[in-house]
Amino acid sequence: MSSPLQAHLGLQALFFNNIDYLLNITPQPTLKQTYINIFSSPATIASLRPTLRLGQLTHHLHLRTMASTSSPSVPQEAPWKKTFLDHISQMDSPEFVFSSLHQAPDKSNSPTPYLPRARFCIYRGMWAQLPENKHNTAPMNERIFESEMPTFTTDVRMQKTFELFNSSAGHADSTKLTQGSGGGGPCEAVWWVKGETMVQWRIKGVAYIVGPDIESDEESSGVRTVKSELGERMRVVKEEGREGWGWGREVTACFGNISPGMRGSFANPPPGKPVDQSYDDQKLKLGQKVEDLEDPVARENFRVVVIKPEVVESVDQKDPATNRRHVWTFDKATGGWEHQECWP
């Protein structure tokens, strides 16, 4: 028979395993603190045991239901994808502007709760379709899936990571809640393909963060959300070997697909922190080159961002006499894309 102390520790463990779920779905800071304070009361934790388990189960079933009913099991290939990839391949560097929403400061007198933020990023390929790179020594997934979800890499310490969590349905309000996989905040990505092409591509949707916890033993609500939301847009192209495809392996392959110098940037001093403030200068240094694909410092900060498109636009600027804007909107009911030709 377990002692009262063992029983209390067991109840605390039960609560701890579900605290991420409660905090992620609870936007009010005062209510979050109430949940945390429950730790001090074993009796209260015990009374919550059925509720916690039921809540987690309900959330899990909701995600499974959404994945199976909100869109078909086999999403259709996007009609814009081939042209988009052809245009991106013509760019010297596939740079694009990524915009997200930043919470307005309390004393900013902003008329809206969020303000736009934009920065240049590098397109790293479609999720589950990592571009070939002869210098990448990471174990690779077989080409089991295809998707129309652009990816790029980022540092968890960057503001855009927090913004994608904070502006999502979970409204995370602390960096402690943004260290793993999750997010889902609204975003927009814009490519300007110059030269002979002269086409602007705009992708509107939401973006999810894939972090090092994506295949952890204790699956968080953020991990479940990412796998559900991205999984419903991952089209199976090869059934054999499907069970062997790994989310964590894909993240490591993304890390291996960037240069050693770029990998080293994830072990830089904290981005945006004043240089006269202290930090761990033994681990974090500028100009490092990382060869080890499991480097603990760089991998701790490395994240893959996956954009889940809802609307895609291309604007042809080549000939003023024939310019057109093409708009494709994803239809959840059919898994296809509705197309509309518009004036530019």
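Tutor: Contact here means heavy atoms within 4.5 Å. The model is predicted, and every value below is computed from it.

Student: By that rule, which residues does F84 touch, not counting residues up to four places away in sequence?

Tutor: F84 touches Y123, M126, W191, W201 and I203. For one of these, W191, the separation in sequence from F84 is 107 residues, while the C-alpha to C-alpha distance is 9.7 Å.

Student: Why is F84 called buried?

Tutor: Buried means under 20% relative accessible area. F84 has 0% relative accessibility, so it counts as buried. This residue is found in helix 4.

Student: What makes the buried residues of helix 4 lie on the same side?

Tutor: The buried residues of helix 4 (residues 81–89) are K81, F84, H87 and I88. They cover an arc of only 130° around the axis, and therefore sit on the same side of the helix. K82 and S89, on the other side of helix 4, are exposed. The cover over the buried residues includes strand 3 (145–146), strand 5, strand 6 and strand 7 (235–236).

Student: How do you know that helix 7 is mostly covered?

Tutor: Of the 10 residues of helix 7 (residues 247–256), 8 are buried. These are W247, E250, V251, T252, A253, C254, F255 and G256. Among the elements that cover them are helix 6 (221–231), helix 8 (260–264) and strand 8 (302–316).

Student: Why is S167 called buried?

Tutor: The cut-off for buried is under 20%. S167 has a relative accessible area of 11%, so it is buried. It is found in the loop between helix 5 (159–166) and strand 5 (182–193). Leaving aside neighbours within four places in sequence, S167 is in contact with L101, Y114, G185 and P186.

Student: What does the side chain of S167 reach, and what makes that a polar contact?

Tutor: The side chain of S167 reaches the backbone oxygen of E163 at 2.7 Å. A polar contact needs a pair of N or O atoms within 3.5 Å, with one able to donate a hydrogen and the other to accept it.

Student: What makes the phi of H171 worth a remark?

Tutor: Phi of H171 is near 50°, a positive value in a residue other than glycine. Most residues other than glycine have a negative phi. A128 also has a positive phi, near 75°.

Student: Where does A128 lie, and is A128 buried or exposed?

Tutor: A128 lies in the loop between strand 2 (114–122) and strand 3. Its relative accessible area is 5%, which is under 20%, so A128 is buried.

Student: How many cavities of 30 Å³ or more are there, and what lines the largest cavity?

Tutor: The count comes to 1 cavity of 30 Å³ or more. The largest cavity has a volume of about 60 Å³. Its lining is P75, Q76, E148, M149, R233, F330 and W337.

Student: How does that lining divide by residue type?

Tutor: The lining divides into 4 nonpolar, 1 polar and 2 charged residues. Glu and Arg count as charged, so E148 and R233 are the charged ones.

Methods:
Residues numbered from 1 in each chain as written. Predicted model: local features only at pLDDT ≥ 70, side-chain atom pairs only at ≥ 80, totals over all residues. Heavy atoms only, no water. Helix = DSSP H or I, 4+ residues; strand = E, 2+ residues; numbered from the N terminus. Buried < 20%, exposed > 50% of the residue type's maximum accessible area, 1.4 Å probe, protein only. 1 Å grid on protein atoms, 1.4 Å probe; cavity = no way out; pocket = protein on both sides within 12 Å on 5 of 7 lines; lining within 4 Å. Points joined across faces, edges and corners; volume = space filled by probe spheres on them. Arc of directions from axis to C-beta.
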